[in-house]
Amino acid sequence: MFFYIIIIPICILLHEVGHGLGAVITSNGHVQIYLGPKSERNKENFRVGRLHFHILWSYVGFAYWQSELSRRQKAASLAGGPFVSLLLTIIFGWLAVVTPENFVQPLFWWTTIFNFSQVVVTVIPVTYPKWMGRYSGFQSDGLQLYRLLKERN
């Protein structure tokens with residue numbers, strides 16, 4: 001229960017923070033980080049530097065940057081989310097291996113599996129189908145990055 005209520009939304013939020021950090025590190029722009037839908041109801045809760053957080057507990061997340069980004073900056077932002085998810089996969093996988101068998105170890109394994117799944121699902125270049133709920137019709141990070149790199153050539 002803890003995994004579904006706390007861990008999954010936090011991992012989704014951290015994935016979006018990765019996108020935001022990619023944009024903030026490479027540009028002077030501000031980034032809106034959403035956990036939950038981008039709507040009037042989801043108002044800004046707090047900010048950390050140029051990252052503005054809009055959090056309604058949810059299983060979906062989005063990152064929006066306010067300024068126009070160059071190709072390099074967009075690529076850094078698009079890659080930032082899957083990079084953070086991959087980093088979380090490595091960290092929690094390591095924790096699962098080094099932690100003695102107790103009630104926490106399965107939580108580390110499930111967190112590893114979730115983050116690895118998030119890496120795979122977001123890196124595969126695809127437009128999300130209708131059954132993916134609020135992500136339906138959106139392009140995956142991988143598809144956006146592929147089109148960005150293809151556009152350059």
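**View 1. Tyr34, Phe62, Tyr64, Tyr128, Tyr135 and Phe138 make up one aromatic cluster.** This is a predicted model in which local features need pLDDT of at least 70 and side-chain atom pairs count only at pLDDT 80 or more, while totals for chains, interfaces and linings use all residues. Residues are numbered from 1 along each chain as its sequence is written, and side-chain values use heavy atoms, with hydrogens and water left out.

**View 2. Aromatic pairs, starting with Phe3 and Phe114.** Rings of Phe, Tyr and Trp (its six-membered ring) pair if their centres lie within 6.5 Å; planes under 30 degrees apart are stacked, over 60 edge-to-face, and the rest tilted. By this rule there are 10 aromatic pairs. Phe3 and Phe114 have ring centres 6.5 Å apart and planes at 85°, so they pair edge-to-face. Phe3 belongs to helix H1 (residues 2-26) and Phe114 to helix H3 (residues 104-123), 111 residues apart. Helices (H or I, at least four residues) and strands (E, at least two) are DSSP runs, numbered from the N terminus. Phe3 has 10% relative accessibility and counts as buried. Buried means under 20% relative accessible area, exposed over 50%, and partly exposed in between (1.4 Å probe, protein chains only).

**View 3. Phe62 and Tyr135 form a tilted pair.** Their ring centres lie 5.5 Å apart, with planes at 55°. Phe62 is in strand S4 (residues 61-65), and Tyr135 is in the loop between H3 and helix H4 (141-152). The pair therefore ties together parts 73 residues apart in sequence. Both Phe62 and Tyr135 are buried.

**View 4. The charged end of Lys38 sits over the ring of Tyr64.** Its distance from the ring centre is 4.2 Å. The rule asks for NZ of Lys or CZ of Arg within 6 Å of the ring centre and within 35 degrees of the ring normal.

**View 5. 4 strands form an open sheet with mixed pairing.** The order is S2-S3-S1-S4. Two strands pair if DSSP finds at least two bridges between them. Strand S2 (46-48) and S4 stand at the edges with a single partner strand each, so one side of each lacks a neighbour in the sheet. Strand S1 (residues 31-35) and strand S3 (residues 51-55) run parallel, joined by 5 bridges. Leu35 stands opposite Ile55 in S3.

**View 6. Leu148 lies in helix H4.** Leu148 is buried, with a relative accessible area of 10%. Leu148 touches Arg71, Lys74, Ala75 and Leu78, leaving aside residues up to four places away in sequence. Contact means heavy atoms within 4.5 Å.
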